[in-house]
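Please look over the sequence and the model shown here before reading on. The notes that follow are meant to be read beside them, one topic at a time.

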Amino acid sequence: MVKYKISIDENKCIGCGACAAVSKNFEILDGKSRVKKSQITDKDFKLNNEAANLCPVRAIKIEKI
Ligand code: SF4
């Protein structure tokens, strides 16, 4: 099973909420996005990746682990 690690660059995040609108794995706290589950598997990749692609400042990084 392929696993991925998700991280958010808080310095880049502008709190627009696009990631949270697409995936329940993100929430906005104090004007910044926070990832709930920072390690995911294949089945959650699609939505999380969509959120990352929608981020206007490319603050979400997803890497294979
Ligand atoms: S889409 Fe990007 S800038 Fe917007 S809240 Fe999410 S991480 Fe922050």
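The briefing below goes through the sheet, the core, the ligand shell and a few single residues.

This is a predicted model, in which local features need pLDDT of at least 70 and side-chain atom pairs count only at pLDDT 80 or more, whereas totals for chains, interfaces and linings use all residues. Residues are numbered from 1 along each chain as its sequence is written.

**The sheet and its helix**

- Helices (H or I, at least four residues) and strands (E, at least two) are DSSP runs, numbered from the N terminus, and two strands pair if DSSP finds at least two bridges between them.
- An open sheet of three strands has the order β4-β1-β5, with antiparallel pairing; β4 and β5 are its edge strands, each pairing on one side only, and the twist from one strand to the next averages 30°.
- Helix α2 (residues 42-54) packs on this sheet and touches β1, β4 and β5, while its direction makes about 120° with that of β4. Contact here means that the C-beta atoms of two residues, placed from the backbone, lie within 7 Å, and axes are lines fitted to C-alpha atoms, for helices over the stretch in contact, with angles running from 0 to 180 degrees between N-to-C directions.
- Strand β1 (residues 3-8) is joined to strand β4 (residues 39-41) by three bridges, and K3 stands opposite T41 in β4.
- Five bridges join β1 to strand β5 (residues 60-64), and these two strands run antiparallel; I8 stands opposite I60 in β5.
- Strands of a sheet pair through backbone hydrogen bonds, either parallel or antiparallel.

**The nonpolar core**

- The largest nonpolar core has nine residues, namely I6, C19, F26, V35, I40, A51, C55, A59 and I60. Such a core is a set of buried Ala, Val, Leu, Ile, Met, Phe, Trp, Tyr and Cys residues joined through C-beta atoms within 7 Å.
- A residue is buried if 20 or more other C-beta atoms lie within 10 Å of its own, exposed if 12 or fewer, and partly exposed in between, with C-beta atoms placed from the backbone.
- Not counting residues up to four places away in sequence, F26 touches C19, A20, S33, V35 and A51.

**Around the ligand**

- There are 15 residues around the ligand, of which C13, C16, C19, S33 and C55 come nearest; a residue is near a molecule if its C-beta atom, placed from the backbone, lies within 6 Å of it.
- The shell divides into twelve nonpolar, three polar and no charged residues, where Ala, Val, Leu, Ile, Met, Phe, Trp, Tyr, Cys and Pro count as nonpolar, Asp, Glu, Lys and Arg as charged, and the others, Gly among them, as polar.

- S33 is found in strand β3 (residues 32-35), and S33 counts as buried because it has 24 C-beta neighbours inside 10 Å.
- Leaving aside neighbours within four places in sequence, S33 is in contact with residues including I8, C13 and F26.
- Q39 lies in strand β4, and Q39 counts as exposed because it has 11 C-beta neighbours inside 10 Å.

**Two loop residues with positive phi**

- D30, in the loop between β2 (26-29) and β3, has a phi near 50°, a positive value in a residue other than glycine.
- R58, in the loop between α2 and β5, has a positive phi of about 50° although it is not a glycine.
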